[in-house]
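Hello,

Here is the structure I promised to pass on. My notes follow below it.

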Amino acid sequence: MTSNATGRLNWLPALVLVGLTWSFLQHLCSGVRHLLLDTGAGYELKVNKAGALATLVISILLTLLIWGLIFYRGAL
Amino acid sequence: MGNGTSIGRVRGLGSAHEGAKHWWHQRLTAGSNLLLITWLVVSLLRLPLWNYHALVLWLSSPWASVPLILAIISVFYHLRLGLQVVIEDYQHDFTRVIAIVLLNFYAIGGAALAIYAICKVAFQGAIA
């Protein structure tokens with residue numbers, strides 16, 4: 001997965017790993033949202049939609065944070 | 001149910017009474033997944049180096065290998081419960097039985113392989 005010359009991740013495996021990270025974090029955020037919904041909170045339409053959109057925003061931000069750190073460390 | 005012919009009684013059995021346990025274990029493993037995978041991601045990001053020997057050294061410690069084994073058990077159990085619901089929802093004929101058996105084989109087999117790999121690194125350390 002890494003280049004022999006630089007030791008950095010090649011772009012194709014990096015793209016797959018970023019995609020896997022995002023899909024995992026989307027599942028995680030959606031799961032936490034459903035745990036909150038299980039308590040009976042957040043069923044009003046506007047609140048519910050805001051929560052659904054928030055999972056997308058948070059999962060993208062967390063993906064950027066994780067891969068930003070990896071890039072900052074020079075492994076990407 | 002209960003008043004008709006014997007086949008009628010069998011068909012009218014209704015719930016298997018395992019749903020609540022299934023539902024609760026899905027939530028329970030969701031919580032343990034959240035804790036254990038957060039620990040895993042933070043631990044990996046905090047490693048000083050990301051090469052083979054750094055990872056082997058990290059995994060040689062019981063403080064890494066034991067939580068990682070717990071994470072494997074939690075994740076594979078969560079996966080088994082979740083995909084069982086998908087099969088029950090979308091597979092209507094006898095193939096659902098085959099699918100659920102295959103799912104169980106995959107979940108237990110995958111977890112066993114992962115735990116074996118963790119133990120091998122934890123007990124044996126780096127190769128050469």
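The radius of gyration used here is taken over C-alpha atoms, and the globule rule is 2.2 Å times the number of residues to the power 0.38. Please keep in mind that this is a predicted model.

Chain B first. A compact globule of 128 residues would have a radius of gyration near 14 Å. Chain B has 21 Å. Its C-alpha trace spans about 70 × 25 × 25 Å along the principal axes. Of the 128 residues in chain B, 9% count as buried.

The secondary structure of chain B is five helices and zero strands. Along the sequence, that reads α-α-α-α-α. Take the contacts in chain B between residues at least 6 apart in sequence: 70% of them join residues at least 24 apart.

One helix pair in chain B is worth a look. H3(B), residues 52-60, and H5(B), residues 95-124, have axes that come within 8 Å. The axes cross at roughly 95°, which makes H3(B) roughly perpendicular to H5(B). From H3(B), the contact uses B:Val56, B:Leu59 and B:Ser60. From H5(B), it uses B:Ile118, B:Val121 and B:Ala122. By class, the residues of this contact are five nonpolar, one polar and no charged.

Now the contact between the chains. Chain A gives seven residues and chain B gives six. On the chain A side, helix H1 (11-38) and helix H2 (45-72) each give two or more residues. H1(A) provides the largest share, four residues. The chain A side has five nonpolar, one polar and one charged residues.

Best regards

Technical notes:
Residues numbered from 1 in each chain as written. Chains lettered and ligands numbered in written order. Predicted model: local features only at pLDDT ≥ 70, side-chain atom pairs only at ≥ 80, totals over all residues. Contact = placed C-beta atoms within 7 Å. Nonpolar A, V, L, I, M, F, W, Y, C, P; charged D, E, K, R; others polar. Axes fitted to C-alpha atoms, helices over the stretch in contact; angles between N-to-C directions. Parallel < 35°, antiparallel > 145°, perpendicular 65-115°, else oblique. Buried ≥ 20, exposed ≤ 12 C-beta atoms within 10 Å, placed from the backbone.
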